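Subject: Handing over the structure, with notes

Dear colleague,

Here is the structure I promised to pass on to you. My notes follow below it, and I would be glad if you read them with the structure open beside you.

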Amino acid sequence: MKDITYIVPSKNDSYDPQNLDKLILSINTNVQQLIDQKLDVETILIDWCSTIPLHTLDRIKNEIKVPINHIYVDKSLLENDGLNVERYYEYFAKNVGIRRANNKYILIENSDIVNDEDLSKSISKMINNEVNNVYGRPTIRVNVWYPNIDEYTHYNKIDEFPLGDCTPGDFMVSTKENWIKTQGYDETNEGHRGSKRQTNMDVEMLFQFNKLGMPVYFLEGYYRHMDHERGGLTADQQFGKSACTRNTNGYTNRPTWGFTNSKSEVKDGVTFLTI
């Protein structure tokens, strides 16, 4: 068993015209840093129904420097589930990766994040010490504009975040056991089926972890979040500063969350999930 599975969801024809540039930078940087920490890494790239699949692109083939486990989610799965094939259901995509990860620890990040070396060291320390905590943010988030990732526009330190903003959305690391206990991100909310992007599932996941007695912590270090303004305090705005300790009823996903009922076929190193 490898030490950690790194999961990155993406959609090639998504809302971000520079998505491919950021995706390549994120994967190369973040995985290499973990390797430098002497960790054995499984990298899973979830391609959410891209019209032009990521694995067919020369840039993906030539510019990503680490081994990739490509998983392509076919539109037939979305159509069968009543989902809009034009939308990017990023949290559904993360669930696909969670259910197929092969390792004890899972790191999930959006495709526009570049980790700092200190954050990778904290992840390595967590694994080496067999820590079973849930981490939903690093202690510092730096907001930058691609490609000038060394010039930050604003940064959020831990003392700026209300307690309620410790939410596992764009960054998340814990054990696969914890993810299975929580049943991944919410796949039951009908609100997922309307707008262009899926949003606010990080807050629902926060409540789900707390319902099961697993607080969500900050992990020492920082990452650069490309093309984002100052971090929105979503949980604080919606639920108050006590959100990290507030109990809710949570949700119950179907047993096949993460499309485990899909047909899986491997062609040329790519896993295709279809109905």
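I begin with helix α5, in which Leu-119, Ser-120, Ser-122, Ile-123, Ser-124, Met-126 and Ile-127 are buried, where buried stands for a relative accessible area under 20%, exposed for over 50% and partly exposed for what lies in between, with a 1.4 Å probe and protein chains only. Helices here are DSSP runs of H or I with at least four residues, strands are runs of E with at least two, and both are numbered from the N terminus.

Before going further, please keep in mind that this is a predicted model, in which local features need pLDDT of at least 70 and side-chain atom pairs count only at pLDDT 80 or more, while totals for chains, interfaces and linings use all residues. Residues are numbered from 1 along each chain as its sequence is written, and side-chain values use heavy atoms, with hydrogens and water left out.

To return to α5, this helix covers residues 117-128, and its twelve residues reach 16 Å from the first C-alpha to the last, close to the 16 Å expected at 1.5 Å a residue, the expected span being 1.5 Å times one less than the number of residues. At its start, a side-chain oxygen of Asp-116 comes to within 2.9 Å of the backbone nitrogen of Asp-118; a polar contact is taken as a pair of N or O atoms within 3.5 Å, where within protein one must be able to donate a hydrogen and the other to accept it, and residues adjacent in sequence count only if both atoms are side-chain atoms. Just after α5, Glu-130 has a positive phi of about 55 degrees.

As for the whole protein chain, there are eight helices and eleven strands, and buried residues make up 56% of its 275 residues. The accessible surface is about 11900 Å², of which 46% belongs to carbon and sulfur atoms; areas come from the Shrake-Rupley method with a 1.4 Å probe, and for residues only the protein chains shown count as cover. Of the contacts with a separation of 6 or more, 82% are between residues 24 or more positions apart, a contact being heavy atoms within 4.5 Å.

Among the strands, β6 is mostly covered, with ten of its twelve residues buried, and β6 pairs with β9 (residues 216-226) in the parallel sense over nine bridges, Arg-137 having Phe-218 in β9 as its bridge partner. Two strands are said to pair if DSSP finds at least two bridges between them. Strand β11 (residues 270-274) runs parallel to β3 (residues 69-73), joined by four bridges, and antiparallel to β10 (residues 263-267), joined by five. Ile-71 is the bridge partner of Thr-271 in β11, whereas Lys-263 stands opposite Thr-274. The hairpin of β10 and β11 has two residues between the strands, and there Asp-268 takes a positive phi near 50 degrees.

Side chains of opposite charge can pair when their charged atoms come close. The whole structure holds eleven salt bridges, each defined as a side-chain nitrogen of Lys or Arg within 4 Å of a carboxyl oxygen of Asp or Glu. One of them joins Arg-141 to Asp-170, with the closest N and O atoms 3.4 Å apart. Because Arg-141 lies in β6 (residues 134-145) and Asp-170 in the loop between β7 (148-157) and β8 (171-175), this pair ties together parts that are 29 residues apart in sequence; both Arg-141 and Asp-170 are buried. Asp-21 and Arg-59 form another, at 2.6 Å, and Asp-21, Arg-59 and Glu-63 are linked in a network of salt bridges.

Two further helices complete these notes. Helix α7 (residues 201-211) has ten of its eleven residues buried, so it is largely enclosed by the rest of the structure, and just after it Gly-213 takes a positive phi of about 75 degrees. Thr-182, in helix α6 (residues 176-182), counts as buried because its relative accessibility is 0%. A polar atom of the Thr-182 side chain lies 2.9 Å from the backbone oxygen of Trp-179, and, leaving aside neighbours within four places in sequence, Thr-182 is in contact with Met-205, Gln-208, Phe-209, Leu-212, Met-214 and Tyr-251.

With best wishes
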